[in-house]
Amino acid sequence: MSDDGNTDELEDLEPILVQVKSGDPIGAAYRLVQLAGTGSPGRFFYDAGSIALSRRDELGDDALRFARIAFAEAVEREPDLAEAHHDLATTMRELGMAEDAILHYRRSLELLPNDADSMIGLGASQCDAGRVDEAVLSLRKAAGTHPDSGQAFANLGIALEAAGRDEEAVGAYAKAVARFDAALAEATDDEHATEAAARRRWTRIQHACLLERLARWPQAIVEIRRVFEEEQA
């Protein structure tokens, strides 16, 4: 099928998204397959799933369920479509399908070695699945490969806490906060600044709670005060 044909079909996606919004993501996905036919490539389904996710505020969580099916069809038709494997894994993880997500993050990394989002997603999914030691190894690799990534260190902190390695987790959270600080200082638009600030706030709270549990009161108070000051600002 030509690219023009795929573009036309995506323009016809609105009735399918209405069906998603009505609470029938599985029926909408089946309708999408019928619309596409056997000749459409995986990219068509990837684009459809991405459009649904971009309208999640409007469509609700059923957009996530629809996107998972669309991304699964995408990788079935185009097994080497790395971004589809990544986004399929991400939707699976959010839907509580951590073990399934691991397989697709690994496939994404086979296609795009050292991709930061896939490395972090793999470790996070391993942690969600209770494979904590594997998660720590994966996230240490992610942080080592991408030393400027606050998200890599934040997720490493989560995994270390889950492994009972609280002192190491304190260090990981501190590094995450520092990197989110840097990202916020370098942000070139409001969207990136807002995202960096939100992630820094979440990490600071995690850091403060852990310090409190370890009875490291002065450090915990400093972090809590910083959260308060940032909210006031």
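Leaving aside its neighbours within four places in sequence, which residues is Thr91 in contact with? Before I answer, a word on the basis of what follows: this is a predicted model, in which local features need pLDDT of at least 70 and side-chain atom pairs count only at pLDDT 80 or more, while totals for chains, interfaces and linings use all residues. Residues are numbered from 1 along each chain as its sequence is written, and side-chain values use heavy atoms, with hydrogens and water left out.

To return to Thr91, its contacts beyond those neighbours are Leu53, Leu64, Ala67, Arg68 and Phe71, where contact means heavy atoms within 4.5 Å. Thr91 sits in helix 7, residues 82–94; helices here are DSSP runs of H or I with at least four residues, strands are runs of E with at least two, and both are numbered from the N terminus. With a relative accessible area of 2%, Thr91 is buried, a word that stands for under 20% relative accessible area, with exposed over 50% and partly exposed in between, using a 1.4 Å probe and protein chains only.

For the protein as a whole, the secondary structure comes to 14 helices and 0 strands. The C-alpha trace spans about 65 × 40 × 30 Å along its principal axes, and of the 233 residues 41% count as buried. Among contacts between residues at least 6 apart in sequence, 54% join residues at least 24 apart.

Next, helix 6, residues 62–77, which has 16 residues and reaches 23 Å from its first C-alpha to its last, close to the 22 Å expected at 1.5 Å a residue; the expected span is 1.5 Å times one less than the number of residues. Its buried residues include Leu64, Ala67 and Phe71, and what covers the buried residues of helix 6 includes helix 2, helix 3, helix 4, helix 5, helix 7 and helix 8.

Helix 8, residues 98–111, also pairs with helix 9: their axes come within 9 Å and cross at roughly 155°. Axes are lines fitted to C-alpha atoms, for helices over the stretch in contact, and angles run from 0 to 180 degrees between N-to-C directions. That makes helix 8 roughly antiparallel to helix 9, the scale being under 35 degrees for roughly parallel, over 145 for roughly antiparallel, 65 to 115 for roughly perpendicular and oblique for the rest. By class, the contact of helix 8 with helix 9 has 7 nonpolar, 5 polar and 3 charged residues, where Ala, Val, Leu, Ile, Met, Phe, Trp, Tyr, Cys and Pro count as nonpolar, Asp, Glu, Lys and Arg as charged, and the others, Gly among them, as polar.

The axes of helix 10, residues 132–145, and helix 11, residues 150–162, come within 9 Å and cross at roughly 155°, which makes helix 10 roughly antiparallel to helix 11. Among the residues making this contact are Val132, Leu139 and Arg140 of helix 10 and Phe153, Asn155 and Leu160 of helix 11, and the residues of the contact divide into 12 nonpolar, 1 polar and 1 charged.

Helix 11 itself is mostly covered, with 10 of its 13 residues buried, Phe153, Asn155 and Glu161 among them. What covers the buried residues of helix 11 includes helix 9, helix 10, helix 12 and helix 13. At 1.5 Å a residue its 13 residues should span 18 Å, and the end C-alpha atoms of helix 11 are 19 Å apart, which agrees. Helix 11 is followed by Gly164, whose phi is positive, near 80°.
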